[in-house]
Amino acid sequence: MSKPSYLLPRTAYLSPEWFAKEQEQLFGNTWQFIGLEKEMPAIGSYRTLELGSYALVLLRDEQGELRLLHNLCRHRGMPLFIGAGKLEKHIRCPYHNWTYQQDGQLRAVPQKEKFPCLAHDQLGLHQASLDTWHGMVFAHPQSRPEPLEEWVEGLAETLGAHQLDQLEEQETLEYSVKANWKLFIENYMDGYHLRHLHSRSLGNHYDHDAIEQGQCGPHWYFYQPLTASGQRTANSSSSLPLISGQASNSLGAYVHLLFPNLGITATESIWSLLEILPQGPELTLVRIRSWCMPVSTLRYMLLKAPEIKGSQDHPAKSGDLMEEDIYVCESIQRSIHSPAFKVGPLAEGLEEPIWHFQRNIMSYLETS
């Protein structure tokens, strides 16, 4: 491969038109994480969701079958559900009373004689797709996408040894980031900044000279081991307990991006999901859910709290890893507005994942 370079133009981070194209063509044609298996609706209940430009409803019918349907009446496109709640025996459109079975098949049309050419069997609700992987549920707006097992093929071998069912979930954290979602992910995948931007927040806990990373289809995986100092810290009483089931010689950070926007970060003591959710061309919601060995929430927050260095510190060196990342992403987003903005050469290896990420995005978009 030639030297890695930036592939996307400035407009990819600023333009509402580009953003809309991503929502339809990228997020409308890829598998998206929607929650854990144990969080899916109970029998006879539903919740609405959006995947890219598509409005959907996730429901569990009276037979216990989990279904994902497009939340659009086939008559005039009226939404059939709002929010979350209990299912009625049949799905009824509030506009003209078209009625569907819980599996989406059209059941009844009022004043049917007014529709002499109605193709009854072709007007069921559009179907979307569901599947599970490692206890996580993924959805796809299309009815016959590439199977999820093929989409994630090979990724399981790169994950850490963590078993989610032995861990306890901690408080969910949400960050509103005033930057394009791709900037956040490009920073997330950037191995070059770890020893520089995070010199305070990461210290010498991880060995930045021993990074192993690669691509698995459109996805990215990364591993860096603990340093000798990190090993001592991880085993100290002042740290969160080590997650059981890990080999002592493989402790470290296992970081993944499931394309296009789900991060999985598994360290020696925490397993986290990062949902990186585009809200607009220059706004991103980052939702972080974390699990660790049984420990009180208070102790978790105290142990994870950053060291306070004082107001004289530059925000990019705050000692809080997320604060440092967000500061950089928002600052670069502002810089992109300058006509002089231009990205220079990327560091071979360490920033190469950015090139792969952008190439994968381009493969979904009609950019002519």
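The charged end of K21 sits over the ring of W18, 5.5 Å from the ring centre. A charge counts as sitting over a ring if NZ of Lys or CZ of Arg is within 6 Å of the ring centre and within 35 degrees of the ring normal. K182 likewise lies over the face of Y13, at 4.9 Å from the ring centre.

This is a predicted model, in which local features need pLDDT of at least 70 and side-chain atom pairs count only at pLDDT 80 or more, while totals for chains, interfaces and linings use all residues. Residues are numbered from 1 along each chain as its sequence is written, and side-chain values use heavy atoms, with hydrogens and water left out.

**Helices and cores**

W18 also belongs to the buried residues of helix α1 (residues 16–26), together with F19, E22, Q23, Q25 and L26. Buried means under 20% relative accessible area, exposed means over 50%, and partly exposed lies in between (1.4 Å probe, protein chains only). Helices (H or I, at least four residues) and strands (E, at least two) are DSSP runs, numbered from the N terminus. The buried residues of α1 pack against α3 (181–188), β17 (271–280) and α8 (352–364). Contact here means heavy atoms within 4.5 Å.

Helix α3 is mostly covered, with eight of its eight residues buried. Among them are W181, K182, F184 and Y188. W181 touches E22, L26, F27, P260, N261, I276, P278, T284, F357 and I361, when residues up to four places away in sequence are not counted.

The largest nonpolar core holds 60 residues, of which W133, M136, F138, W181, W271, L273 and F357 touch the most other members. A second, separate core has 17 residues, including Y46, L59, I91 and L106. A nonpolar core is a set of buried Ala, Val, Leu, Ile, Met, Phe, Trp, Tyr and Cys residues joined through side-chain atoms within 4.5 Å.

M362 lies in helix α8. This residue is partly exposed, with a relative accessible area of 28%. M362 and I34 are 328 residues apart in sequence and 24 Å apart in space, C-alpha to C-alpha.

**Aromatic pairs**

A search of the whole structure finds 12 aromatic pairs. Rings of Phe, Tyr and Trp (its six-membered ring) pair if their centres lie within 6.5 Å; planes under 30 degrees apart count as stacked, over 60 as edge-to-face and the rest as tilted. Two of the pairs are set out below.

| Pair | Centre to centre | Angle of planes | Class |
|---|---|---|---|
| Y46 and F81 | 4.6 Å | 50° | tilted |
| F259 and F357 | 6.0 Å | 75° | edge-to-face |

Y46 lies in strand β2 and F81 in the loop between β4 and β5, so this pair ties together parts that are 35 residues apart in sequence. Both Y46 and F81 are buried.

**Sheets and hairpin**

Strands of a sheet pair through backbone hydrogen bonds, either parallel or antiparallel. Two strands are taken to pair if DSSP finds at least two bridges between them.

An open sheet of four strands has the order β4-β3-β2-β5, with antiparallel pairing. β4 (66–70) and β5 (84–86) stand at its edges with a single partner strand each, so one side of each is left without a neighbour in the sheet. The twist averages 25° from one strand to the next. Strand β2 (residues 45–51) pairs with β5 over three bridges in the antiparallel sense, and the bridge partner of Y46 in β5 is G85.

An open sheet of three strands has the order β6-β7-β8, again with antiparallel pairing. Its edges are β6 (91–92) and β8 (106–108), each with a single partner strand, so one side of each lacks a neighbour in the sheet. Strand β7 (residues 99–100) and β8 are joined in the antiparallel sense by two bridges; Y100 has L106 of β8 as its bridge partner.

Strands β13 (residues 212–216) and β14 (residues 219–225) run antiparallel and are joined by five bridges. C216 has H219 of β14 as its bridge partner. The hairpin of β13 and β14 has two residues between the strands, and G217 takes a positive phi near 60°.

Note on methods:
Axes fitted to C-alpha atoms, helices over the stretch in contact; angles between N-to-C directions.
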